[in-house]
Protein chains: 2
Amino acid sequence: MIAEILSTGAELVLGQIADTNSAWLSARLAEIGVPVRRHTTVGDDLADIVGALREACARSDVVLMTGGLGPTEDDLTRPALAELTGRPLVLNPASLEQIKARFAKMGRPMPPENAVQAMHPEGAEPIENHWGTAPGIHAAVIADPKNALPGEPVRKVHLFVMPGVPREMTAMYDASVLPALRGLAPAGRVILTRALNCFGLGESQIGLKIKHLMARGRNPSVGTNVHEGVIRVKVTSQGDDRERAAAALEAAAAEVRSLLGDIVFGEDADTLETAVGRLLAASKQTVATAESCTGGLLGALLTNVPGISAHYLEGIVSYGNAAKMRLLGVPEETLRAHGAVSEPTAQAMAVGCRERSGADLAVSITGIAGPGGGSAEKPVGLVYLGLATSAGCTVHRRQFVGDRDQVRDRAAKTALDLLRLRLLRP
Amino acid sequence: MIAEILSTGAELVLGQIADTNSAWLSARLAEIGVPVRRHTTVGDDLADIVGALREACARSDVVLMTGGLGPTEDDLTRPALAELTGRPLVLNPASLEQIKARFAKMGRPMPPENAVQAMHPEGAEPIENHWGTAPGIHAAVIADPKNALPGEPVRKVHLFVMPGVPREMTAMYDASVLPALRGLAPAGRVILTRALNCFGLGESQIGLKIKHLMARGRNPSVGTNVHEGVIRVKVTSQGDDRERAAAALEAAAAEVRSLLGDIVFGEDADTLETAVGRLLAASKQTVATAESCTGGLLGALLTNVPGISAHYLEGIVSYGNAAKMRLLGVPEETLRAHGAVSEPTAQAMAVGCRERSGADLAVSITGIAGPGGGSAEKPVGLVYLGLATSAGCTVHRRQFVGDRDQVRDRAAKTALDLLRLRLLRP
């Protein structure tokens with residue numbers, strides 16, 4: 001069973017956004033042993049979409065398509081499917097009810113033009129969308145009807161169409177397309193992957209520590225990539241036998257973990273904040289935050305974690321000096337003598353936050369995010385982080401490189417990592 | 001002149017990395033008026049690469065290809081070009097010298113296996129790479145030689161091959177490919193785009209208001225897309241004359257603005273927070289925030305904006321009830337009688353935040369982000385937002401749909417939008 005992926009949208013061929021759906025889908029297909037042969041992207045042009053669909057159906061057994069399911073004139077996937085299959089578009093009452101229910105949930109009636117999203121080629125099945133208004137479509141297409149010889153068995157291509165919005169597409173894939181593919185697939189070659197997520201060392205330093213595992217041609221293979229300060233060590237294990245491939249994956253992942261130690265904070269979808277949330281829950285401790293340059297980013301990251309309300313008490317965004325004094329009790333003379341971005345201020349912020357909130361741990365961030373505000377003595381990217389516990393307060397100085405967004409992101413992540421390491425080794 | 005883009009690499013069809021090169025190149029081509037018809041990605045398979053190259057040459061006048069130029073066995077672009085052109089690979093001495101010089105610069109001799117990177121199809125020109133070892137290749141390919149009728153003018157397709165590493169590819173494009181394309185293009189067709197960014201109405205409601213502008217075949221064309229609650233109305237103007245295309249773009253953008261009114265908050269890279277920052281600066285006012293379910297997200301968004309420190313005083317993340325009482329003065333009886341997620345609590349949070357911070361405006365958010373914590377009376381997604389000014393306090397009730405991330409994101413953006421509209425119409 002061979003797959004290919006087709007994405008449509010003027011914004012893609014105009015280069016206004018990059019297509020991340022095709023890579024995401026390819027990785028998911030690799031996990032279930034379905035090789036992907038090709039990605040194709042075309043714009044909002046009916047002939048181009050139909051042409052690309054025909055070519056894909058001629059080459060592959062499964063075609064996953066994204067985009068063009070919206071309610072407007074430039075959403076051409078439904079007419080393209082009608083032309084491909086030679087079947088008219090007909091209204092699917094169940095789909096229409098789902099779209100109406102979706103709008104009802106938002107407290108407004110369905111605009112009449114959204115009804116077109118319930119039009120599917122005759123014989124195709126709608127795929128439920130719980131995260132947006134556009135239902136997906138599953139159609140079994142007969143490949144190359146013109147080329148089929150009389151008496152030759154008909155080759156059916158399974159076409160799954162999903163919305164282009166990544167959030168809706170990924171949710172629909174997991175809920176509906178993956179189960180359908182599992183039903184179609186023969187026992188295939190298995191490709192299993194595991195990401196070990198690291199923070200606190202650079203990609204090349206990590207590469208040095210696991211160099212022998214990263215040599216080309218090994219199975220499992222090991223590679224690294226970095227995204228916003230988080231380094232992912234990706235282990236990929238291939239084989240015809242799922243159990244053996246899984247055992248080899250576990251062994252390689254364990255070796256990476258033992259070589260890298262505490263800088264590995266989690267696997268796959270784990271984030272620094274989910275790691276901190278897990279440790280807080282396990283130790284039944286509470287935390288509060290005091291932020292300056294990050295402006296609430298640390299609190300926002302922590303509160304990404306469902307259920308964190310049992311452990312996260314409060315956050316203070318003390319953006320101005322008046323707020324640092326009034327809300328955290330930072331002494332005016334500390335601010336005057338050392339400045340807002342200084343070790344004593346970070347310490348006073350963390351200690352004041354802990355005392356006033358009553359939390360077990362408090363973490364503070366004060367720094368210069370840029371682009372302005374830097375000096376020779378205190379350059380852009382300089383950040384002090386305080387960590388106050390019942391044992392006292394430690395302050396950590398970091399010099400980050402990058403723009404405003406990067407400095408803020410790395411500062412908030414470093415604060416999470418300080419919390420994590422303290423919770424790990426009290 | 002029509003272009004298309006071809007990328008190769010096992011890591012792309014395995015989904016290990018997303019192809020960002022194609023979007024980058026498409027945006028650059030749009031700038032010089034060359035429309036891109038298709039993106040294609042294939043793995044490290046000679047037949048697939050040759051097939052994709054043949055199809056691209058049959059459809060388009062310019063093909064930009066990335067990847068497969070490394071020195072190893074799985075780098076198949078050079079053999080594919082040899083097969084496509086029917087010419088043998090020959091060693092280019094100048095290319096070999098550049099590769100050796102590149103290694104010399106790194107302080108080591110060229111490994112013998114890198115010499116293969118200097119092999120190009122006979123008649124093709126190498127493209128210098130100042131940022132890596134792989135030279136690019138420029139070849140003029142005769143399209144459809146088998147289909148050409150005797151006496152018919154030969155259609156030449158220009159093929160530019162660049163490394164897959166984005167840093168090397170972008171530098172090579174700017175230094176060598178762009179000048180070559182400018183030389184090839186007839187007085188270039190211009191494509192200009194403008195995004196008008198909207199908040200507060202759904203994509204289909206917006207589509208209804210500007211339906212006549214979105215009809216197919218118009219120039220300028222108008223389309224919509226939605227990302228995380230923000231609807232972008234994209235106007236694209238094409239023409240042979242830059243000034244006329246620009247004037248048509250301005251006129252169409254002005255018509256969209258007049259039809260949509262205040263829901264348009266900015267253009268292109270503008271965000272709700274930059275719009276709020278601009279209005280705060282213009283009116284010289286200050287703001288403070290009081291957040292519950294968003295956990296600091298609103299503060300983090302506001303402090304994305306450089307220079308906001310002159311206007312953003314402080315934020316309170318009152319995640320627990322104790323924090324709501326102590327930090328914002330929400331009366332215990334309000335919480336007891338109405339609950340933390342209620343109109344009176346949102347009002348007390350905003351008013352308390354404004355009074356204590358001394359800010360001109362204060363905005364509060366309290367809601368149920370989910371996945372847990374909902375009830376029949378107060379379902380997941382229910383959010384109250386308070387806006388306190390010198391004129392009093394208004395509270396807004398919203399029922400958002402979606403998961404935890406979406407509810408939090410929409411709540412923070414709605415708070416920004418309430419601030420924006422108040423600053424716009426004091």
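Chain A exposes about 17500 Å² of surface. Carbon and sulfur atoms supply 54% of that area. The model is predicted, and every value here is computed from it.

Turn next to the overall dimensions. Along its principal axes, the C-alpha trace of chain A spans about 90 × 55 × 40 Å. The chain holds 426 residues, and 53% of them count as buried. Its secondary structure comprises 14 helices and 17 strands.

Charge comes next. Chain A carries 44 positive and 46 negative side chains. The centres of these two sets lie 6 Å apart.

How do the parts of the chain meet? Take the contacts in chain A with a separation of 6 or more. Residues 24 or more positions apart account for 67% of them.

Now follow one strand inward. Strand 8 of chain A covers residues 156–162. Six of its seven residues are buried, so strand 8 is largely enclosed by the rest of the structure. Buried here means under 20% relative accessible area.

Which strands pair with strand 8? Strand 3 of chain A, residues 62–66, is one of them: five bridges join it to strand 8. These two strands run parallel. Within this pairing, A:Val63 has A:Leu159 of strand 8 as its bridge partner.

Strand 7 of chain A, residues 136–142, also pairs with strand 8, through six bridges. Here the two strands run antiparallel. A:Ala140 is bridged to A:His158 of strand 8.

Side chains in a regular strand alternate between the two faces of the sheet.

Definitions and conventions
Residues are numbered from 1 along each chain as its sequence is written. Chains are lettered from A and ligands numbered from 1 in the order in which they are written. This is a predicted model: local features need pLDDT of at least 70, side-chain atom pairs count only at pLDDT 80 or more; totals for chains, interfaces and linings use all residues. Side-chain values use heavy atoms; hydrogens and water are left out. Helices (H or I, at least four residues) and strands (E, at least two) are DSSP runs, numbered from the N terminus. Buried means under 20% relative accessible area, exposed over 50%, partly exposed in between (1.4 Å probe, protein chains only). Contact means heavy atoms within 4.5 Å. Accessible areas come from the Shrake-Rupley method with a 1.4 Å probe; for residues, only the protein chains shown count as cover. Lys and Arg count as positive and Asp and Glu as negative; His and the chain ends are not counted. The place of a charge is taken as NZ of Lys, CZ of Arg, CG of Asp or CD of Glu. Two strands pair if DSSP finds at least two bridges between them.
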